[in-house]
Amino acid sequence: MGELPGPWRALLDEARLYPSPHNSQPMRVRVTGERSAEVFYDLDRGLPAENFGIPFGHVCAGVFLEGLQAVAAGHGWAVTTDLHLTEMDFDAEDRLHRIATVTLSAHTPGPIDLCRHEAFLARRTNRRPYEGRAVPEVDLAAVAGEASAAGHTFGATTDPDQVASIIRVNQETLFDDLRHDAVHAEIMEWLRFSEREAVNRGDGLSAATMLMPGRILRFAMGHRGLWEAPVIGALIRAVYLRTMRGVTQVAWWSGPFATPADYVAAGRLFLKAWIHLTERGVSLHPFGTVITNPRSHARFVDLVDADESDGRMAWMLVRLGYAKVPPLAHRRPLEEMLA
Ligand SMILES: Cc1cc2nc3c(=O)[nH]c(=O)nc-3n(C[C@H](O)[C@H](O)[C@H](O)COP(=O)(O)O)c2cc1C
């Protein structure tokens, strides 16, 4: 790979650890100078089969931009972001959808920058069973504060019935998604059944991160008709629900979610919260598919009584808690992120 000018190699090599739905890693960057770069979304790595899969492309872009900012600040750079937002067209001939021009300027990192940088690098999705205790109010206050400052609402519940119902909706989402051919095909494309495949390809959802033996995952996903069968269906459900033991708290964000600018802002807010919670040792597991599956979405909104009037939407749901460090989700090499 040719050398990248300025600090870009150091920054992008860490920024590529940003989380993305199905670990599809759709963000691409074209470095245009020592202090400038163009950011794109690779439509071939998007997830348009799901109902809200298209807006989630821009959410992911927001997640990436927030991560880039956290990394850059830790390295002594401030990022100015000039967004160029248009709706994504997944049939477009040009497969790189433009997101933003980013420009760096020197910045002296403070203690907050250094902590955020470290937390960004340590952050992982945690799909393990949790330890049965909720996150104290004081550790959620900053997350709620950031949300309200951006015109969003952060809600959380430890009500056992509500938590159990949401866990149930999340599990049923998986079953429901598999009934839809396009969504099933999309998930299959991103599953990595062996660790070797996960390492070699450097992307996707590995069996290890899903806490499932690869062979069982391959069999279960390849024979989705069996999920409807009484005994096997119940068994698969029980295996999946075992990973949800000890969950006592779920949380969600709602707010403006009608334009690409809203989606990007939501993504930034989400990663900001995830970094903040990581700093406090909190584990998180997004239930994004509950949001993107229309049936589950309606049930979830009803359960928490979220406000979806006037262009607002409940756009993210997570489980929160404490757990051991989860398996690592791999990333593709930096070269593959460059455009
Ligand atoms: C917007 C968004 C939605 C996500 N939705 C889900 C989800 O519904 N279920 C899930 O298990 N993981 C979900 N994830 C987590 C990703 O699968 C995860 O970030 C990715 O596999 C990389 O792993 P890491 O977070 O451990 O680095 C989501 C992540 C993002 C950014």
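Domain bounds are those of an automatic or database domain assignment. For the protein chain, this assignment gives domain 1 (8-125) and domain 2 (137-321). The structure is a predicted model, in which local features need pLDDT of at least 70 and side-chain atom pairs count only at pLDDT 80 or more, while totals for chains, interfaces and linings use all residues. Residues are numbered from 1 along each chain as its sequence is written.

The centres of domain 1 and domain 2, taken over C-alpha atoms, are separated by 21 Å. Contact is assigned to two residues if their C-beta atoms, placed from the backbone, lie within 7 Å. By this criterion, 34 residues of domain 1 are in contact with 29 residues of domain 2. On the side of domain 1 that touches domain 2, H2 and helix H3 (111-122) each supply at least two residues. The largest share of that side, 13 residues, comes from H2. Helices (H or I, at least four residues) and strands (E, at least two) are DSSP runs, numbered from the N terminus. The residues on that side of domain 1 comprise 18 nonpolar, eleven polar and five charged. In this division Ala, Val, Leu, Ile, Met, Phe, Trp, Tyr, Cys and Pro count as nonpolar, Asp, Glu, Lys and Arg as charged, and the others, Gly among them, as polar.

A residue is termed buried if 20 or more other C-beta atoms lie within 10 Å of its own, exposed if 12 or fewer, and partly exposed in between, with C-beta atoms placed from the backbone. A nonpolar core is a set of buried Ala, Val, Leu, Ile, Met, Phe, Trp, Tyr and Cys residues joined through C-beta atoms within 7 Å. The largest nonpolar core has 72 residues, of which Leu68, Phe270 and Leu317 touch the most other members. Helix H2 (residues 53-74) gives the most to this core, with twelve residues. Because domain 1 (8-125) and domain 2 (137-321) both give residues to the core, it lies between them. Apart from this core lies another, of eight residues, including Leu191, Phe193, Leu205 and Met212. When residues up to four places away in sequence are not counted, Phe270 touches Val63, Trp253 and Met316.

Strands are taken as paired if DSSP finds at least two bridges between them. An open sheet of four strands, with antiparallel pairing, has the order E5-E8-E10-E9. Strand E5 (153-157) and strand E9 (283-286) stand at the edges with a single partner strand each, so one side of each is left without a neighbour in the sheet. From one strand to the next, the twist averages 30°. Axes are lines fitted to C-alpha atoms, for helices over the stretch in contact, and angles run from 0 to 180 degrees between N-to-C directions. Helix H4 (residues 137-149) packs on the sheet, where it touches E5 and strand E8 (250-256), and its direction makes about 150° with that of E5. Helix H10 (residues 260-279) lies across E8, E9 and E10 and runs at about 150° to E8. Four bridges pair E9 with strand E10 (residues 312-321) in the antiparallel sense. Ser283 has Gly321 of E10 as its bridge partner.

Further antiparallel pairing involves strand E2. Strand E1 (residues 27-33) pairs with E2 over six bridges in the antiparallel sense, and these strands form a hairpin with two residues between them. Val29 has Val39 of E2 as its bridge partner. E2 is also joined by seven bridges to strand E4 (residues 96-106), the two running antiparallel. In E4, Leu96 is the bridge partner of Asp42. The covered face of strand E2 (residues 36-42) consists of Ala37, Val39 and Tyr41, and the uncovered face of Ser36, Glu38, Phe40 and Asp42.

Several loop positions were also examined. His22, in the loop between helix H1 (8-15) and E1, has a positive phi of about 55° although it is not a glycine. His22 is buried, with 20 other C-beta atoms within 10 Å. Asp310, in the loop between helix H12 (294-304) and E10, has a positive phi of about 50° although it is not a glycine. Asp310 is exposed, with 7 other C-beta atoms within 10 Å. Asp94 is placed in the loop between strand E3 (77-83) and E4 and is exposed, with 9 other C-beta atoms within 10 Å. The C-alpha atoms of Asp94 and His180 are separated by 28 Å, the residues being 86 apart along the chain.
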